[in-house]
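Please look at the sequence and the structure before reading on.

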Amino acid sequence: MAKEGAQRAEETEQMIDKEGGREAAEGGARRAGDAKEMRAVVLSAFGGLNKLRVSKKAMPEPQEGELKIRVKACGLNFIDLMVRQGNIDNPPKTPLVPGFECSGIVEALGDSVKGFEIGDRVMAFVNYNAWAEVVCTPVEFVYKIPDDMNFSEAAAFPMNFVTAYMMLFEVANLREGMSVLVHSAGGGVGQAVAQLCSTIPNVTVFGTASSFKHEAIKNSVTHLFDRNADYVQEVKRISVDGVDIVLDCLCGENTGKGLSLLKPLGTYILYGSSNMVTGETKSFFSFAKSWWQVEKVNPIKLYEENKVIAGFSLLNLLFKQNRGGLVKGVMDKLLNLYNSKKIKPVVDSLWALEEV
């Protein structure tokens, strides 16, 4: 299966590159009105995989301040799995098209759009609708792709690296000589965290991950532990005082453990889609609610121990709190790091639209 998946991924990669090159050569010559329909992955109702299908939908056209993008690749993140199950705060009505990040070629410009031209290679955040052949999104959420970054890498770049960078540098103020514990070290954000930590001298990275992922990621973190093992004792054995930063997307009992590992003035960050989940049956956040109710942590204890607890949701920051300008500044820094060959997005596998 692994060999078959790798072959399929290589074929899809070649397809993406071939189509991207052809359309760029044509200068993105398609204009509004040339095609009235497109293919998209539609979630007909919340639930299992049988609720997803590829369907024809009306072709979107850019409104004022928007770009129309011919999608070449789109990202699959944990939040997309939560959306499929309906386990998010105020879910939109179905049917809907999932997906929050993509890469592709600019096909049309809305009124007042500046800084982009038809034919530009771009990556973008989208408030749903990324799993489609064409998307429209405000210009503030769109970024040009470096020349040596391919479409699949670009689709894996925005969500993971912006989340990792903002938690480390905007919230936790990572500096030389600090230590970081990151859960799900084998995931997209976990790998981005490890790469960004390597850009700062003498940062120690402790990671937890399922044992079957260890071989693939063992070189990206300083110390790697099985997520089901007693990693608290292992961390304390290596670093008696604990760690400076804990990045937690798991909640539950890991929250109390993470806080117990924090050094004075350390920062614990709850991140990802888990802080948007509300359904009691499948929700990770229900564990966090239980944790809070039993008062394992309270403000007085945080005060006495000089510890910081924070939350981070990139999608809320972008689409609800209107911080697109702040995110653009972060993306500029990340692209400088990429161009300096200090970071590189990790693509696990590629799948054609019909294989969703």
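A residue is called buried when its relative accessible area is under 20%, exposed when that area is over 50%, and partly exposed in between, using a 1.4 Å probe and protein chains only.

## Basis of the model

This is a predicted model, in which local features need pLDDT of at least 70, side-chain atom pairs count only at pLDDT 80 or more, and totals for chains, interfaces and linings use all residues. Residues are numbered from 1 along each chain as its sequence is written, and side-chain values use heavy atoms, with hydrogens and water left out.

## Val327

Val327 is located in helix H12; helices are DSSP runs of H or I with at least four residues, numbered from the N terminus. With a relative accessible area of 0%, Val327 is buried.

Not counting residues up to four places away in sequence, Val327 touches Phe125, Tyr143, Val162, Met166, Leu314, Leu317 and Leu318; contact means heavy atoms within 4.5 Å. Val327 and Phe141 are 186 residues apart in sequence, and their C-alpha atoms are 8.5 Å apart in space.

## Helices H4 and H12

Helix H4 spans residues 158-171 and helix H12 spans residues 324-339. They pack at an angle of about 100 degrees, with axes 10 Å apart; axes are lines fitted to C-alpha atoms over the stretch in contact, and angles run from 0 to 180 degrees between N-to-C directions. H4 is therefore roughly perpendicular to H12, a term for angles of 65 to 115 degrees.

Among the residues making the contact are Val162 and Met166 of H4 and Val327 of H12.

## Asn160

Asn160 lies in helix H4 and counts as buried, at 11% relative accessibility. A polar atom of the Asn160 side chain lies 3.3 Å from the backbone oxygen of Ala156.

Notes
Helices (H or I, at least four residues) and strands (E, at least two) are DSSP runs, numbered from the N terminus. Angles under 35 degrees count as roughly parallel, over 145 as roughly antiparallel, 65 to 115 as roughly perpendicular and the rest as oblique. A polar contact is a pair of N or O atoms within 3.5 Å; within protein, one must be able to donate a hydrogen and the other to accept it, and residues adjacent in sequence count only if both atoms are side-chain atoms.
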